[in-house]
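Here is a short walk through one protein model. Keep the sequence and the 3D view side by side as you read.

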Amino acid sequence: MSPAPNNHEFQEWWNKQRQTNPENSLLLHDDSAGHVLTVEISSPGADRTVGKDRSRSARQLSWLWILKLQQIAAFFASVANSFVGLIRTANRRIASPDSPADSSSSRLYRVIKVFLIFVLLLLFVELVAYFKGWHFSPPTVRSAEVVGIVYANWLHVRVNYLAPPLQSFTNVCIVLFLIQSVDRVVLVLGCLWIKFRRVKPKANMEYKTTPSSEEEGGTENVEDYPMVLLQIPMCNEREVYHQSIATVCIQDWPRERMLVQVLDDSDDLEVQLLIKAEVQKWQQRGVPIVYRHRLIRTGYKAGNLKSAMSCDYVKNYEFVAIFDADFQPGPDFLKKTIPYFKGNDDLGLVQTRWSFVNKDENLLTRLQNINLSFHFEVEQQVNGVFINFFGFNGTAGVWRITALEECGGWLERTTVEDMDVAVRAHLCGWKFIYLNDVKCLCELPESYEAYKKQQHRWHSGPMQLFRMCFVDILRSKVSVTKKANLIFLFFLLRKLILPFYSFTLFCIILPLTMFLPEAQIPAWVVCYVPGVMSVLNILPAPRSFPFIVPYLLFENTMSVTKFNAMISGLFQFGSSYEWIVTKKLGRSSEADLVAYEKEADPLLETTAGLQRSASESGLADLTKLGTSKKPGKRRRNRLYRKELVIAFVLLTASARSLLSAQGIHFYFLLFQGITFLVVGLDLIGEQDTSNKL
């Protein structure tokens, strides 16, 4: 078989293509001698620029990492500078107290700070023991390591000398806690009995028509209305003076049978002029109203009321109704309260319930509403029904002037003049009635600073009063049962024991038991009983059930302020005599002011000309008030050192409980510590305002 002829044309074409594109991978050669066509297949050669590109990418990557490291270093430097600035700012705010109360409370702050250092030291010891495995196999005093010998001696001291007294103190606090819980349950049961039996105070008469309607068939005579004095004590109440004066002046009561006293203790001249103008406006409208200003402002509110009661014309009046500057009684307030005095000659006080216009403003006001709803719905109502005695709330109440005079009138010896006069009147044999159905609108403090100062006064004053009137209670002519109620329930259990065990048990003892595990607090004390008590407290305000956990944690947080106030009042520290007016914001709307004007119109028909000629309408006054407010105020957070230190104590204890896997205790300490931290950073409620420097 002859060989195939060579394809010279294809070979020439292919060689031309190879010369044109040398990177082609297929080469053809003609071997004439062997009549063989050789095909060389060569893979594309490595690109010479690949290595160059790869080296360039490596350099770029290194520069990229250097740039990132620089950015990270700059970030940490800025964080460090911010942290240092925060520490300096915090130290400046913490180290410069704004009030004498803060100065006196530095005693408690120093004690808590030492306690924090002690707890941190114990945490360090426990961490060392944990990583060495000593929690499972403790070392002995014969251990070869010095650290082991020290830890073994610490265990010996802890077990034999520290844990037993701590356990005894824990048991005492648990007993007090249970006693107070039983008291709370009894109060709730009493309230349920009142609701079930529909027990209510009954008046012997009722005012149905106004005296002006006699011509239209009214049967009542003006002489049937007793003489009533209405007092509005105030001090620098720029935001609320208008609404309080307006609501009192439109009372549905004969003008010739009432007198309104505006007791202004303001030291701000601008506020004095505003209040004077408001009083003059209502005088032009025919309302019997007078303005009083003391030149010597001694005794705070008690001194103000005492000065007003010393006027000669007071002897012509039978009753006195008292309203603080932020209170807004309804037009029928007197008609709903005065009838209870008729036929009850031994009745000295009629107290009404507070209702809050800003209870849903923020979390702080919601939590306050829970507390005060229980106070009025349960405590005041049960005590009023069963023993005819309770603490006067200082406002929204009507006193028989004879009862005030017989018990000695207003005294300036404490910051709780309302409780003082109520206790003395009770010892003189006067009875009290509480009306849960008659409500008086008022305002809750919206900032933690204002609320804290209010609570300090409310919890230091009772201890002052207890020291002063203890002997008087023992010497009084009331029954032994009433004496026991005053001493053991009214003062000791509800004013002293409650803040004492709340602070010591949950803020001191519980963290300590994490580091001294030989002393234990049962889980039912930490979780179950407080949970049940919180449910009982929240029953009068059922809409607040979603806030039951924040309420429980916040009440434990407030135990620091209440405990400090209780101690300062009991031992007569300087802050116990401090009176700071609770800041109000004036939450009444323009619609409320218009409503006041409409309520006033039918009662003041004879002065319609004066009303048209007077340019001070409700809305005009509101505009004046807005333009007269001092500008240049900013909101800022404050730092509360006691709350912050206790937050770190509880968080440290929660870390220790995590090492020993104590579930309920860990979660309680963790969330309670976070709550203290939030409050200490002033992140609850509205922030305080201060003038720009």
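Helices here are DSSP runs of H or I with at least four residues, numbered from the N terminus. Lys-195 has its place in one of them, helix 5. The model is a predicted one.

Stay with Lys-195 for a moment. Its relative accessibility is 42%, so Lys-195 counts as partly exposed. Which residues does Lys-195 contact, leaving aside its neighbours within four places in sequence? They are Glu-377, Gln-381 and Asn-436.

Val-185 is also found in helix 5. Its relative accessibility is 31%, and Val-185 therefore counts as partly exposed. Residues up to four places away in sequence are again set aside. Val-185 then touches Met-533 and Leu-536. The sequence separation between Val-185 and Val-532 is 347 residues. In space, their C-alpha atoms are 9.8 Å apart.

Now look at how helix 5 meets another helix. Two packed helices are described by the angle between their axes and the distance between the axes. Helix 5 covers residues 146-197, and helix 4 covers residues 106-131. Their axes come within 11 Å and cross at roughly 120°. Angles of 65 to 115 degrees would count as roughly perpendicular, and those over 145 as roughly antiparallel. Helix 4 and helix 5 are therefore oblique to each other. Their crossing is left-handed.

Which residues make this contact? Helix 4 brings Leu-122, Val-125, Glu-126, Val-128 and Ala-129. Helix 5 brings Val-147, Tyr-151, Trp-154 and Arg-158. By class, the contact has seven nonpolar residues, two charged ones and no polar ones.

Helix 14 spans residues 480-515, and helix 16 spans residues 548-570. The axes of helix 14 and helix 16 come within 8 Å. They cross at roughly 130°. Helix 14 and helix 16 are therefore oblique to each other. Helix 14 passes helix 16 in a left-handed crossing.

On the helix 14 side, the contact residues are Lys-495, Leu-496, Pro-499, Phe-500, Ser-502, Phe-503, Thr-504, Phe-506 and Cys-507. They meet Asn-556, Ser-559, Val-560, Lys-562, Phe-563, Met-566 and Leu-570 of helix 16. By class, this contact of helix 14 with helix 16 has 10 nonpolar, four polar and two charged residues.

Next, turn to a loop. It runs between helix 10 (363-386) and strand 8 (397-400), and Asn-388 has its place there. Asn-388 is not a glycine, yet it has a positive phi of about 55°. Ala-396 lies in the loop between helix 10 and strand 8 as well. Ala-396 has a positive phi of about 60°, although it is not a glycine.

Ala-396 has a relative accessible area of 0%, so Ala-396 is buried. The cut-off for buried is under 20%.

Finish with helix 20, residues 641-659.

Definitions and conventions. Residues are numbered from 1 along each chain as its sequence is written. This is a predicted model: local features need pLDDT of at least 70, side-chain atom pairs count only at pLDDT 80 or more; totals for chains, interfaces and linings use all residues. Side-chain values use heavy atoms; hydrogens and water are left out. Axes are lines fitted to C-alpha atoms, for helices over the stretch in contact, and angles run from 0 to 180 degrees between N-to-C directions. Helices (H or I, at least four residues) and strands (E, at least two) are DSSP runs, numbered from the N terminus. Angles under 35 degrees count as roughly parallel, over 145 as roughly antiparallel, 65 to 115 as roughly perpendicular and the rest as oblique. A crossing is left-handed if the near helix is turned anticlockwise from the far one by less than a right angle, and right-handed if clockwise. Contact means heavy atoms within 4.5 Å. Ala, Val, Leu, Ile, Met, Phe, Trp, Tyr, Cys and Pro count as nonpolar, Asp, Glu, Lys and Arg as charged, and the others, Gly among them, as polar. The expected span of a helix is 1.5 Å times one less than its number of residues. Buried means under 20% relative accessible area, exposed over 50%, partly exposed in between (1.4 Å probe, protein chains only).
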